[in-house]
Amino acid sequence: MKISVVAVGRLKEKYFADAQAEYLKRISAYAEGRVQEVAPAPPSKSPAEQSAIETAALLSKAGGLVVALDKSGRNMTSEELASFIASKCAGGVSEFSFLIGGSHGIEPSSLKKVDAVISFGKMTFPHQLFRVMLLEQLYRALSINAGAPYHK
C-alpha cells in the first residue's frame, strides 16, 4: 500500500520536520509513506485564485484514491478512519493521497471531484501541526488495522 500526504508549503520548524520523519518511519512498517509538497500560490493573487492554483497543484501530485481534508468533510474517529482505509483496500485500492490545502483551503468545486472529504473538526489548526496530526492518525489507523497495541 502507498500513502501520500500532499500539502501546500514546506515545514519550517525542525521539531515539525522531526515529527513528520518519525511518523513516516512508523508508517513504513505498514505502508510506503511519503509527503509531497507543492509551492504556495503567489500572495498577489486573490484568496480564490490562490486556492484554485494550490488545489490544481495538489491534484496534479495525487494518485490513487484521493481524500481531501476540509472542515466540511465527514468527521471520523480513529477507528472509523482505520475502517475506511481497510474497506477501500479490501475493494482493491492500494494507493491513497491525502490533500492538505493552503491557508484558503481546497477549492470548493474540487471537493466534489475527489473520492472522499474528511474533517478533523471545525477548529482551525496551524498548517505544520496539522500535517503531523494527519500522519499520526494515518499511523494509528494502520496500526489498528494490523492489530498492533499502539491504539488504546
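Me: Angles under 35 degrees count as roughly parallel, over 145 as roughly antiparallel, 65 to 115 as roughly perpendicular and the rest as oblique. Which of these terms applies to helix 3 and helix 4?

Reply: This is a predicted model, where local features need pLDDT of at least 70 and side-chain atom pairs 80 or more, while totals for chains, interfaces and linings use all residues. Residues are numbered from 1 along each chain as its sequence is written, and side-chain values use heavy atoms, without hydrogens and water. The axes (lines fitted to C-alpha atoms, for helices over the stretch in contact, with angles from 0 to 180 degrees between N-to-C directions) of helix 3, residues 78-90, and helix 4, residues 127-146, come within 8 Å and cross at roughly 70 degrees. The two helices are therefore roughly perpendicular.

Me: Which residues of helix 3 and helix 4 make the contact?

Reply: Contact means heavy atoms within 4.5 Å. Helix 4 contributes Q137, L138, R140, A141, L142, I144 and N145. From helix 3 come S78, E79, L81, A82, S83, I85 and A86.

Me: Is R140 buried or exposed?

Reply: R140 sits in helix 4 and touches S78, Y150, H151 and K152, leaving aside residues up to four places away in sequence. Buried means under 20% relative accessible area, exposed over 50% and partly exposed in between (1.4 Å probe, protein chains only). R140 has 17% relative accessibility and therefore counts as buried.

Me: Which strands stand at the edges of the sheet?

Reply: Helices (H or I, at least four residues) and strands (E, at least two) are DSSP runs, numbered from the N terminus. The open sheet has five strands in the order 2-1-4-3-5 with parallel pairing, where a pair needs at least two DSSP bridges. Two strands have a single partner each, so one side of each lacks a neighbour in the sheet: strand 2 (32-38) and strand 5 (116-119).

Me: How many of the residues of strand 1 are buried?

Reply: Strand 1 (residues 2-8) runs parallel to strand 4 (residues 95-100), joined by six bridges, with A7 partnered by I100. Seven bridges join strand 1 to strand 2, also parallel, and K2 has E32 as its bridge partner there. Strand 1 is largely enclosed by the rest of the structure, because its buried residues number six of the seven.

Me: What is the relative accessible area of Q36?

Reply: Q36 belongs to strand 2. Beyond residues up to four places away in sequence, Q36 touches S4, V5, V6, A7 and K61. Q36 counts as buried because its relative accessible area is 13%.

Me: Is A39 buried or exposed?

Reply: A39 lies in the loop between strand 2 and helix 2 (47-61), and touches V8 and E54, not counting residues up to four places away in sequence. From A39 to E95 there are 56 residues in sequence and 23 Å in space, C-alpha to C-alpha. At 59% relative accessibility, A39 therefore counts as exposed.
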